[in-house]
Amino acid sequence: MKQQTGLELRSLVLLAMRKALKDGQISRRQYRKALKVRFPETVPDILGTSLKVEKSLKKGFLTSIVYLAPSRESIAYGGADVCPLASLGCSRACLATKGRLRMTLGSNAKAWKTLLWLYYPEAFKTLLRREIYNLRNRAIHKGLMPAVRLNGASDIVWETKFPQIFSWFPDVVFYDYSKISARVLSSSLPSNYSLTFSRSETNEPEALKVLKAGGNVAIVFTDLEKAMRDGWNGFEVINGDETDARPIDKTGVVVGLSPKGKAKDDSGFFVHN
Ligand code: SF4
């Protein structure tokens, strides 16, 4: 089947957005802003990479990642909140505000991918499936394990929104961080999907509940080395900066992370230790 180009996809997304405008679901101002989002001219890529996931190579994983516009960022141009339980602190410090994604090109890529997901999900899914297939073949060729992070900067419940993706690729390792404890504690997650709970300044009781149930919790510490020496609330803290290969972490531990880039926090999202 012929793949649609980015420009063709843009026309279809804008068509759906015009309908949303007519139905009063988005405003004229949002629609005008959406017109400024640039789509790639050729067949676009949904999967991308990051310095963090590239670190997983040393553990034998060839990893790709999907970056959408985090939290409420896309609402200005007709999008939606893709992180229903984001806290003020986490959205400020969000991974997507640093590194390569701070560049304008990266922000634009997040924007068109988010609009595509929201207004033309069938095309998004088709592209994603094709790219994971290619990633899988590349990984096998190199003797590596293919891995995919679907929520690079979002908290979409993929196991209900797109459950087929996990069964189509039983030999691909899917993993994510999530602030939705029900997802992390669920006994019905696909067997090739693993989730690490992500602590924020508003969900510490849930973080403890996940740890007590044997799950893992990611926490940003201002002093990661000290946290690894002291532990957190009686739980071992491992170094989560060394690699992003979360599926091979031992269980029932805190995955300690350091603040990245220029992220500053006074909300309590970082644990000041
Ligand atoms: S929930 Fe995660 S992806 Fe969403 S804003 Fe917070 S840190 Fe970023």
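This is a predicted model: local features need pLDDT of at least 70, side-chain atom pairs count only at pLDDT 80 or more; totals for chains, interfaces and linings use all residues.
1. Overall dimensions. The C-alpha trace spans about 55 × 45 × 35 Å along its principal axes, and 41% of the 273 residues count as buried.

2. Secondary structure and contact range. The protein chain contains 11 helices and eight strands. When contacts between residues at least 6 apart in sequence are considered, 69% of them join residues at least 24 apart.

3. Sheet order. The eight strands make up an open sheet, in which the order is β1-β2-β3-β4-β5-β6-β8-β7 and the pairing is mixed. Its edges are formed by β1 (47–48) and β7 (237–239), each of which pairs on one side only.

4. Strand β3 and its neighbours. Strand β3, residues 145–149, is mostly covered, since five of its five residues are buried. Both of its faces are covered, with Met145, Ala147 and Arg149 buried on one side and Pro146 and Val148 buried on the other. Towards β2 the pairing is parallel and extends over five bridges, and within it leucine 62 has proline 146 of β3 as its bridge partner. Towards β4 the strands also run parallel, joined here by two bridges, and alanine 147 stands opposite valine 173 of β4.

5. Strand β5 and its neighbours. Five of the six residues of β5 are buried, so this strand is largely enclosed by the rest of the structure. Strand β4 (residues 173–178) runs parallel to β5 (residues 193–198), and five bridges join the two. Among the paired residues are tyrosine 177, whose bridge partner in β5 is threonine 196, and serine 178, whose bridge partner in β5 is phenylalanine 197. The pairing of β5 with β6 is likewise in the parallel sense, over two bridges, and there serine 198 has alanine 218 of β6 as its bridge partner.

6. Helix α10. In helix α10 (residues 204–212) the buried residues are Glu206, Ala207, Val210 and Leu211. These residues cover an arc of only 140° around the axis, which puts them on the same side of α10.

7. Serine 71. A positive phi, near 50°, is found at serine 71, which is a residue other than glycine. Serine 71 belongs to the loop between β2 (61–66) and α4 (88–93). This residue is buried, because 23 other C-beta atoms lie within 10 Å, where 20 or more are required for that class.

8. Asparagine 233. Although it is not a glycine, asparagine 233 has a positive phi of about 50°. Asparagine 233 is placed in the loop between α11 (224–230) and β7. With 13 C-beta neighbours inside 10 Å, asparagine 233 counts as partly exposed, because that class lies between the limit of 12 or fewer for exposed residues and that of 20 or more for buried ones.

9. The ligand shell. The ligand is surrounded by 12 residues, and the closest are Ser71, Cys83, Ala86, Cys90 and Cys94. Sorted by class, the shell has seven nonpolar, three polar and two charged residues. Ser71 is therefore to be read together with point 7, as a buried residue that is also among the closest to the ligand.

Key:
Residues are numbered from 1 along each chain as its sequence is written. A residue is near a molecule or strand if its C-beta atom, placed from the backbone, lies within 6 Å of it. Ala, Val, Leu, Ile, Met, Phe, Trp, Tyr, Cys and Pro count as nonpolar, Asp, Glu, Lys and Arg as charged, and the others, Gly among them, as polar. Helices (H or I, at least four residues) and strands (E, at least two) are DSSP runs, numbered from the N terminus. Two residues are in contact if their C-beta atoms, placed from the backbone, lie within 7 Å. Two strands pair if DSSP finds at least two bridges between them. The arc is that of the directions from the helix axis to the C-beta atoms.
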